[in-house]
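Have the sequence and the 3D view at hand as you read.

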Amino acid sequence: MTRIALDGMVALVTGAGGMIGAAVARRMADGGAQIALADRTEPPFSGPALLGGTSRAYAADLADPVQVRALVDAVVADFGRIDCLVTAAGITSLGAFETITPEEWDRVHAINVRGVFLAMQAVIAPMKAAGFGRIVNIGSVLAKNGGNPRPWLDPEEQTRAGNAAYGAAKAGVHALTLYLAKELAAHGITVNTVAPGPIASPMTTGFPEALVRQIPVGRLGRGDEVAGMVAWLCARENAFVTGEIIDVNGGLWMD
Ligand SMILES: NC(=O)c1ccc[n+]([C@@H]2O[C@H](COP(=O)([O-])OP(=O)(O)OC[C@H]3O[C@@H](n4cnc5c(N)ncnc54)[C@H](O)[C@@H]3O)[C@@H](O)[C@H]2O)c1
């Protein structure tokens with residue numbers, strides 16, 4: 001795997017206990033970054049074991065504004081600054097549109113879009129003070145393609161893989177990316193989103209084989225394939241790419 005140079009940078013990675021967040025943390029550490037790994041309090045998060053060295057783990061509910069502010073303050077106190085924020089914390093939500101309850105809608109939005117908004121807002125001040133920053137969110141193909149199921153062919157797919165609430169939350173992340181990219185462009189801060197297609201992980205357990213066959217590359221993606229793009233966007237020299245939603249989806253959706 002090509003090393004992407006991130007020497008001396010400090011990166012806060014949320015959802016670092018998950019498949020994609022852990023892959024991002026590993027890839028960025030391989031590039032020489034110091035990593036602050038954040039994930040929820042329960043079950044106990046074993047971040048330091050993941051990377052060793054100068055990395056540190058932080059437990060927080062990233063949907064809670066007070067905890068997000070405290071997390072960012074703690075990382076700045078421990079490492080002196082935050083060069084990169086990667087928001088990989090998220091949850092899935094499955095089911096047909098007509099079965100989505102308001103409670104389920106709120107549960108998904110609380111972390112998948114409000115959590116991203118809170119984390120981005122919290123790092124603005126330290127990044128502005130440094131005159132440098134890289135923010136990379138993890139969006140989704142599901143914010144673009146109306147979902148993967150084909151109910152006209154197989155109604156069962158809708159209950160196993162339908163995700164309208166999730167897709168709406170991720171579309172919010174895509175939109176926030178564009179707004180913040182413009183607001184921060186003059187401060188040396190780039191804001192981008194990587195939008196993966198289905199990645200082999202607990203989140204895609206039970207993903208129907210028929211839907212895998214819709215992916216032109218012919219398989220689910222891997223966490224390290226998402227991580228490579230995230231690391232590239234965080235590199236110092238990539239200062240002219242901002243406000244982009246970059247697909248990593250094996251050709252499932254092309255725009
Ligand atoms: N796996 C996929 O196919 C896929 C595709 C597109 C986008 N994504 C997105 O990528 C991101 C990572 O997904 P993943 O596959 O690694 O999932 P994952 O379930 O392995 O990891 C998600 C992590 O987020 C953490 N988390 C969730 N809610 C939290 C909260 N309130 N506070 C703190 N931490 C919280 C979880 O504890 C978990 O460790 C998510 O935003 C997901 O929506 C995943």
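Is Gly80 buried or exposed? Gly80 is exposed, because 11 other C-beta atoms lie within 10 Å. The cut-offs are as follows: a residue is buried if 20 or more other C-beta atoms lie within 10 Å of its own, exposed if 12 or fewer, and partly exposed in between, with C-beta atoms placed from the backbone.

Before going on, two notes on the source. This is a predicted model, in which local features need pLDDT of at least 70, side-chain atom pairs count only at pLDDT 80 or more, and totals for chains, interfaces and linings use all residues. Residues are numbered from 1 along each chain as its sequence is written.

You will find Gly80 in the loop between helix 3 and strand 4 (84-87). Helices (H or I, at least four residues) and strands (E, at least two) are DSSP runs, numbered from the N terminus. From the C-alpha atom of Gly80 to that of Pro126 there are 9.5 Å, although 46 residues separate them along the chain.

Thr14 sits in strand 1 (residues 10-14). Thr14 is buried, because 30 other C-beta atoms lie within 10 Å. Its C-alpha atom is 5.9 Å from that of Asp39, 25 residues apart along the chain. Leaving aside residues up to four places away in sequence, Thr14 touches Gly21, Ala38, Leu62, Val86, Thr87, Ala88, Ala89 and Ala119. Such a contact means that the C-beta atoms of two residues, placed from the backbone, lie within 7 Å.

One of those partners, Leu62, belongs to the loop between strand 3 (56-59) and helix 3. Leu62 counts as buried because it has 24 C-beta neighbours inside 10 Å. With residues up to four places away in sequence again not counted, Leu62 touches Thr14, Ala38, Val68, Ala89, Ile111, Gly115 and Ala119. Gly52 is 10 residues from Leu62 in sequence, yet 23 Å lie between their C-alpha atoms.

Ala210 is part of helix 7 (residues 209-212). Ala210 is partly exposed, because 15 other C-beta atoms lie within 10 Å. Along the chain Ala210 and Arg150 are 60 residues apart, and their C-alpha atoms are separated by 9.9 Å.

**How the helices pack**

Two packed helices are described by the angle between their axes and the distance between the axes. Axes are lines fitted to C-alpha atoms, for helices over the stretch in contact, and angles run from 0 to 180 degrees between N-to-C directions.

| Helix pair | Angle | Distance between axes |
|---|---|---|
| Helix 3 (residues 65-79) and helix 4 (residues 102-130) | about 35 degrees | 9 Å |
| Helix 4 and helix 6 (residues 164-184) | about 15 degrees | 9 Å |
| Helix 1 and helix 8 (residues 223-234) | about 50 degrees | 8 Å |

Angles under 35 degrees count as roughly parallel, over 145 as roughly antiparallel, 65 to 115 as roughly perpendicular and the rest as oblique.

The crossing of helix 3 and helix 4 is right-handed. A crossing is left-handed if the near helix is turned anticlockwise from the far one by less than a right angle, and right-handed if clockwise. Here Pro65, Val68, Arg69, Val72 and Val76 of helix 3 meet Leu118, Ala119, Ala122, Val123 and Pro126 of helix 4. By class, this contact has nine nonpolar residues, no polar ones and one charged. Ala, Val, Leu, Ile, Met, Phe, Trp, Tyr, Cys and Pro count as nonpolar, Asp, Glu, Lys and Arg as charged, and the others, Gly among them, as polar.

Helix 4 and helix 6 are roughly parallel to each other, and their crossing is right-handed. The contact of helix 4 with helix 6 holds 12 nonpolar, three polar and two charged residues.

Helix 1 and helix 8 are oblique to each other, with a right-handed crossing. Helix 1 contributes Met19, Ile20, Ala23, Val24, Arg27 and Met28 to the contact, among others from helix 8 such as Gly223 and Asp224.

**Around the ligand**

The ligand is surrounded by 25 residues, and the closest are Gly15, Gly18, Ile20, Arg40 and Gly90. A residue is near a molecule if its C-beta atom, placed from the backbone, lies within 6 Å of it. Helix 1 (residues 19-30) gives the largest share of this shell, three residues. By class, the shell splits into 14 nonpolar, eight polar and three charged residues.
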